[in-house]
Amino acid sequence: MHQDPIHFRLGKFLKVIGLVFVLFIGLLFKVQVVDSGSINEVSSKARTKTDVRIPAVRGNIVDSAGHILATTVTRYDVNIDPSIVSAVTEKINGQDTVFTKEQVAGQLAILLKVPQAKILSKFLISGRYANLAKAVDAAVYRQIEALRINWVSADPVQKRVYPGGALAGNLLGFVGSDGTPLAGIEREMNACLAGTDGKQTYVQGADGIIIPESLKVTQPARNGNTVVLNINSDLQYYAQQVVADTAMTLNADWASGIVIEAKTGKILAAAEAPTVDPNSFWKTKSQNLGSRIFQFAFEPGSIMKTVSAATALDVGVATPATRAIVPDRLRTPWGQYIYDSEIHGFEKLTLTGVLRDSSNVGIVKITTKVPLATRFAYLKRFGLGAKTGVGFEGESSGLIGNYKNWDKMTDLVSSFGQGIAVTPIQTAMMYQTVANQGVRLAPTLVAGCKDASGGIQPLPSVAPQTVITPETAASTMDMLEKVVEFGPIGRTAQLPGYRIGGKTGTAQVSQGHGYGLLHAISFVGIAPAENPQYIVAVTAYKSRRVSNSLGITPAFRKIMLQVLRTYRVPPSSGHSKKIPMSWN
Amino acid sequence: MSAIRLERLSQPQPQTQTRYESVTRSAQSTAIQTRTSIGKMIMWVVLGITTVSLANLALISINAQAIYDIRNLKNANEQMTTTAQILGEKVDSLSSQQNLSNTARHLGMVINSNPVFLRMADGKVLGKATPASYSATGRVSTNLVANSVLVETTNFAALKALPKDTFSIPKTTFSVSGSTTASTFSKVSSSTVTTFTVVGASPAGAAKPSVIAAKALPQQVVLPSGGIPASPTH
């Protein structure tokens with residue numbers, strides 16, 4: 001059969017086309033099926049980002065009312081690509097205006113608060129990266145962004161911020177530039193505050209944009225939880241103001257003020273001066289970076305007479321009316337002397353009168369009737385020589401040693417707070433024991449760890465310890481009230497309308513070999529005396545202007561008044577118990 | 001192709017070959033039908049592929065646009081987050097104890113060292129109502145608590161520029177209801193501030209005390225310079 005040439009050529013053409021088509025199909029098969037694995041791998045490597053870190057946000061630290069004391073914010077590291085640094089053209093009033101590199105450096109210098117010369121030197125760095133400033137705040141970042149300079153970029157970074165500055169700085173601690181907790185609550189409660197970083201995988205387009213469907217969170221980030229403190233930040237601020245003022249006025253090495261809730265052991269304020277602003281902790285002297293309230297032990301002085309008197313009452317060797325003839329100095333059998341702070345004749349005082357006048361001789365004469373081993377046991381029961389259980393990192397146990405190793409003089413002077421060392425928080429908790437019917441609680445600074453659901457996980461609690469009987473506690477409280485009512489210095493701690501119990505303390509400060517001329521002056525008070533609710537303990541260490549507790553009672557008065565006002569404690573009713581303070 | 005063949009087959013043929021032709025025509029007819037249906041099928045496949053390709057192209061374009069839209073929205077979100085952070089830090093600064101203290105000091109506020117309480121149960125006033133004075137206990141010196149992250153402080157010039165009656169206290173009668181458990185209010189005279197705190201709930205039937213505000217209330221207490229109220233909350 002004859003075949004049409006056109007038809008023939010057309011058939012051939014179609015065959016060629018078909019062949020090419022089959023070839024393409026083959027190639028397609030090779031690419032899509034045979035080589036797909038390797039091609040996908042190459043492509044993925046180029047565009048896929050795996051295990052990209054999702055940073056977890058560190059949790060906040062808040063006070064008892066939820067006010068933020070520490071938080072994490074976004075800051076920006078401002079960088080440049082020196083390889084493409086050039087003049088910048090900007091349209092001003094419709095006309096292109098060129099800014100030279102030097103002019104741009106000037107603008108950046110103003111915004112970043114960095115010398116212009118330093119920025120210009122960064123322009124000369126070889127390579128594609130140079131950092132101009134670290135952790136600039138969002139407002140500055142916004143201004144930099146508005147300059148629209150294509151060779152300037154900003155990387156977001158997390159930064160720890162303490163909105164209250166030095167408010168509770170001694171308690172909060174701080175974190176390093178890499179986010180590592182270095183001190184205070186930040187370090188102690190890191191397990192609660194630190195989150196867990198997450199991981200994600202995604203594919204980027206040629207222009208760096210993440211392809212939405214490709215974004216897969218392989219491990220979600222878990223942000224840190226919130227640490228809730230018992231601190232009342234307004235009260236803390238007030239107390240810090242007072243102790244800072246006191247330290248300056250007295251020209252003391254430092255001063256502290258503690259507020260404790262008697263029935264719970266909660267630390268409502270723990271103020272110190274000098275202290276640290278955790279936002280710029282590196283500017284603070286190293287000795288002021290911690291918290292002396294928990295970490296510094298010193299000889300407390302007459303503050304301890306309360307413990308000695310309570311011990312004597314509790315073991316039954318004395319009552320508040322126990323009598324003693326008290327000279328102004330007492331010669332020991334081995335020839336050394338114990339002195340009262342003032343020269344006086346023989347006085348006929350009761351134990352209450354001894355406390356009122358803060359007589360060293362009187363307290364020695366009455367309380368050394370208690371066997372030394374028993375007195376030492378009571379010191380331990382009052383919490384001395386051991387950590388309080390507050391859990392503050394680096395807390396000192398104080399120093400009371402073992403009575404068996406005490407010298408003869410320490411046997412006696414320990415009854416009025418020399419020869420042993422306690423921390424300010426231990427001092428406050430001794431009085432908490434008296435205020436809480438003889439039951440000592442562990443002070444609590446941290447209320448707990450609050451998770452995202454709002455539930456608060458409290459910290460492990462320390463069991464309360466009964467130290468003295470409620471009757472002893474009540475009698476001790478009665479005597480302390482007399483100190484404030486009639487004591488020569490104690491009365492300067494009075495608050496109009498309120499019944500206060502308290503005790504002064506003026507301790508010589510050891511200089512290594514003997515005692516120097518400077519003193520640690522303290523006052524610890526409890527209010528209201530008829531229903532003890534709050535303890536305020538204030539101390540000024542090495543006061544150079546006033547060498548006795550007269551210098552510290554104004555600070556006590558201010559803080560205690562603020563406490564009573566803050567917690568709406570109405571003025572007292574009734575009068576103190578009648579107890580003889582002297583006899584004939 | 002099919003058209004050419006059909007044209008050729010439609011030409012007149014000799015009658016003698018009718019039987020065979022009819023057979024041939026029948027076979028040819030079947031082939032033609034088959035080819036036609038294949039052609040249609042190819043046409044539909046091509047049409048389908050074209051449609052799907054175009055739809056795919058449209059989807060890719062829409063998707064690409066969506067990616068950029070998402071990016072823009074994310075950028076907008078970041079901008080707003082940044083703005084919120086900037087404003088938040090300003091609020092933190094303005095509400096910090098340091099700034100409030102300084103502001104209170106600047107405004108001449110003092111703290112009353114003699115708190116007075118009104119007991120709801122019997123209307124008894126607890127405490128001695130003593131006017132606060134500049135020299136009263138309770139004051140401390142100027143702000144001594146450092147804060148290096150104060151980014152915003154009270155603008156006193158702007159405060160002064162406000163109309164005089166901005167902070168005036170209207171003449172008010174304070175009625176203390178029985179459900180009130182604790183509240184604080186102040187009676188202000190030209191040179192003194194006395195703070196009352198109500199404690200406890202009023203029992204049913206008990207006389208409900210009320211405190212009448214002083215008649216003309218000045219904007220603020222005029223005091224000598226220096227000294228601050230110690231706490232921003234009282």
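**Chain B, then chain A**

Guide: Read along the sequence, chain B runs α-α-α-β-β-β-α-β-β-β-β-β. Keep in mind that this is a predicted model.

Visitor: How many helices and strands does chain B have in its secondary structure?

Guide: Chain B has 4 helices and 8 strands.

Visitor: And what share of chain B is buried?

Guide: Buried residues make up 15% of its 234 residues.

Visitor: What about contacts in chain B with a separation of 6 or more: what share comes from residues 24 or more positions apart?

Guide: That share is 76%.

Visitor: Now the interface. How many residues of chain A are in contact with chain B?

Guide: On the chain A side there are 36 residues, in contact with 35 residues of chain B.

Visitor: Which elements of chain A give two or more residues to that side?

Guide: They are strand 3 (68-80), helix 5 (138-146), helix 9 (233-250) and helix 18 (553-566) of chain A. Helix 9 of chain A gives the most, with 8 residues.

Visitor: How does that side split by class?

Guide: The side of chain A that touches chain B has 19 nonpolar, 9 polar and 8 charged residues.

Visitor: Switching topic. In what order do the strands of the open sheet in chain A come?

Guide: The order is 1-10-11, with 3 strands and antiparallel pairing. Strand 1 (48-54) and strand 11 (216-219) of chain A are the edges, each pairing on one side only. From one strand to the next, the twist averages 30 degrees.

Visitor: How many bridges join strand 10 to strand 11 of chain A?

Guide: There are 3 bridges between strand 10 (residues 198-203) and strand 11 of chain A. Within strand 11 of chain A, A:Q219 is the residue opposite A:K199.

Visitor: Take A:K216. Is A:K216 buried or exposed, and why?

Guide: A:K216 is exposed, because 11 other C-beta atoms lie within 10 Å. The cut-off for exposed is 12 or fewer. A:K216 sits in strand 11 of chain A.

Visitor: What does A:K216 contact, leaving aside neighbours within four places in sequence?

Guide: With those neighbours left aside, A:K216 is in contact with A:Q200, A:T201 and A:Y202.

Visitor: Now A:S256. Buried or exposed?

Guide: A:S256 counts as buried, because it has 31 C-beta neighbours inside 10 Å. The cut-off for buried is 20 or more. A:S256 belongs to strand 13 (residues 254-261) of chain A.

Visitor: Which residues is A:S256 in contact with, outside four places in sequence?

Guide: Among them are A:V243, A:A271, A:E272, A:R292 and A:I293. The list also includes A:P424, A:V538 and A:T539.

Visitor: Last topic, helix packing. At what angle do helix 11 and helix 17 of chain A cross?

Guide: The axes of helix 11 (residues 305-315) and helix 17 (residues 470-486) of chain A cross at roughly 135 degrees and come within 9 Å. That angle makes helix 11 of chain A oblique to helix 17 of chain A. Their crossing is right-handed.

Visitor: Which residues make the contact?

Guide: Helix 11 of chain A uses A:T306, A:A309, A:A310, A:L313 and A:D314. Helix 17 of chain A uses A:T472, A:S475, A:T476, A:M479 and A:L480. By class, the residues of this contact are 5 nonpolar, 4 polar and 1 charged.

Definitions and conventions: Residues are numbered from 1 along each chain as its sequence is written. Chains are lettered from A and ligands numbered from 1 in the order in which they are written. This is a predicted model: local features need pLDDT of at least 70, side-chain atom pairs count only at pLDDT 80 or more; totals for chains, interfaces and linings use all residues. Two strands pair if DSSP finds at least two bridges between them. Axes are lines fitted to C-alpha atoms, for helices over the stretch in contact, and angles run from 0 to 180 degrees between N-to-C directions. Two residues are in contact if their C-beta atoms, placed from the backbone, lie within 7 Å. Ala, Val, Leu, Ile, Met, Phe, Trp, Tyr, Cys and Pro count as nonpolar, Asp, Glu, Lys and Arg as charged, and the others, Gly among them, as polar. Angles under 35 degrees count as roughly parallel, over 145 as roughly antiparallel, 65 to 115 as roughly perpendicular and the rest as oblique. A crossing is left-handed if the near helix is turned anticlockwise from the far one by less than a right angle, and right-handed if clockwise.
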